[in-house]
Amino acid sequence: MNTPSLDHYLVVGNPIAHSKSPFIHAEFAKQTQQAISYEPLLIETNNGAFTQAIQAFQAQGGKGLNVTVPFKQEAWALVKQRSTRAERAGAVNTIGFDNQGNSWGDNTDGIGLVRDLTKNHGKSLNNQRILLLGAGGAVRGVLEPILQEKPACCVIANRTVEKAQTLARLFTDLGDISASSYTDLAGQQFDIIINGTSASLQGELPPLPDDIIPLKRGWCYDMMYSAQRTPFIQWALEHGAICARDGLGMLVEQAAEAFYLWRGVRPETEPVIELLKQRLR
Ligand code: ATR
């Protein structure tokens, strides 16, 4: 019996040992009967190490890779062709190599977030007032797909308000988008609040005013996930949000989109999200 030869994929970052992507892609491959390997690779952050590692992997016949912190901007600069959403994000999390030896780059984070909200949680973004917290790479990475859903408006709040203003300016042609300080959010009403700050990483909460009104009929979503409730999810539940979700579903959905781009088949995400939830318990 012939064993089919495997197509090789990587996830690269620093750190990388914690990554759930190898588990997720192994589940997708099992489910769709794709003959692939998918391994984590730690890359040093010294100058040039990322480019060297990617070029070596391509030379060995690698088919593609996922890129995570802190290399997404370097990946953006490295690839020959970029999708519109990657172009806007200024960051690439998925790379593929074609048969002519060219590399392409995409960013599946935003579509992952949108699919988790719309498909898995049944929450449309259309015509909604959306507040995004944070103005770093995480928020920039998801703005284009969010604006494609035609929300009523998008407000970006950040401690350093100038960063929010600069970011909003990059997307004004795609919809009603503006910047705000946290204090100016007082008394305002939103349908969906999305936390894209790294505050949860330090166990902190963005400085939201107490009388902001997401709430009673509003949604809160933390792009981070953890076994315990993140501080933002805890805040949302204490302030009466009707629904508060973390980013585990986004993680699986962004992976599913990368898998589809490489393999041309769409895996089912719900069973993989369930498996990950069990593993986190
Ligand atoms: P990432 O790529 O994860 O977005 P980043 O580019 O370093 O990382 O951006 C981190 C974001 O989280 C920034 O918007 C930062 O706010 P400032 O620009 O004002 O620093 C935000 N952030 C980090 N810790 C925070 C905290 N404790 N409260 C509120 N915002 C925080």
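This is a predicted model: local features need pLDDT of at least 70, side-chain atom pairs count only at pLDDT 80 or more; totals for chains, interfaces and linings use all residues.
**View 1**
Let us start with the overall layout. The domain assignment divides the protein into domain 1, made of residues 7–107 + 249–280, and domain 2, residues 110–246. Between the C-alpha centres of domain 1 and domain 2 there are 25 Å. Where the domains meet, 14 residues of domain 1 make contact with 17 residues of domain 2. On the side of domain 1 that touches domain 2, helix H4 (84–89) and helix H9 (248–263) each provide at least two residues. H9 gives the largest share of that side, with six residues. Sorted by class, the side of domain 1 that touches domain 2 holds five nonpolar, four polar and five charged residues.

**View 2. Lys72, a residue marked in the UniProt record.**
Next, look for Lys72 in helix H3, which covers residues 72–78. The unreviewed UniProt entry places the feature "active site" at Lys72. Is Lys72 buried or exposed? Lys72 counts as buried because 24 C-beta neighbours lie inside 10 Å, and the cut-off for buried is 20 or more. Setting aside residues up to four places away in sequence, Lys72 touches Val67, Ala91, Val92, Asn93 and Gly137.

**View 3. The shell around the ligand.**
Now turn to the ligand and the residues about it. Which of the 14 residues around the ligand come nearest? They are Gly136, Gly137, Ala138, Arg159 and Thr197. By class, the shell around the ligand has four nonpolar, seven polar and three charged residues.

**View 4. Asn195 and its neighbours.**
The last stop is Asn195, found in strand S10 (residues 192–195). Asn195 counts as buried because 29 C-beta neighbours lie inside 10 Å. Which residues is Asn195 in contact with, leaving aside neighbours within four places in sequence? The contacts are Leu133, Ser200, Pro206, Asp222, Met223 and Phe232.

How values were computed. Residues are numbered from 1 along each chain as its sequence is written. Helices (H or I, at least four residues) and strands (E, at least two) are DSSP runs, numbered from the N terminus. A residue is buried if 20 or more other C-beta atoms lie within 10 Å of its own, exposed if 12 or fewer, and partly exposed in between; C-beta atoms are placed from the backbone. Two residues are in contact if their C-beta atoms, placed from the backbone, lie within 7 Å. UniProt positions are given in the numbering used here, feature names are shortened, and annotations may be inferred rather than shown by experiment. A residue is near a molecule or strand if its C-beta atom, placed from the backbone, lies within 6 Å of it. Ala, Val, Leu, Ile, Met, Phe, Trp, Tyr, Cys and Pro count as nonpolar, Asp, Glu, Lys and Arg as charged, and the others, Gly among them, as polar. Domain bounds come from an automatic or database domain assignment.
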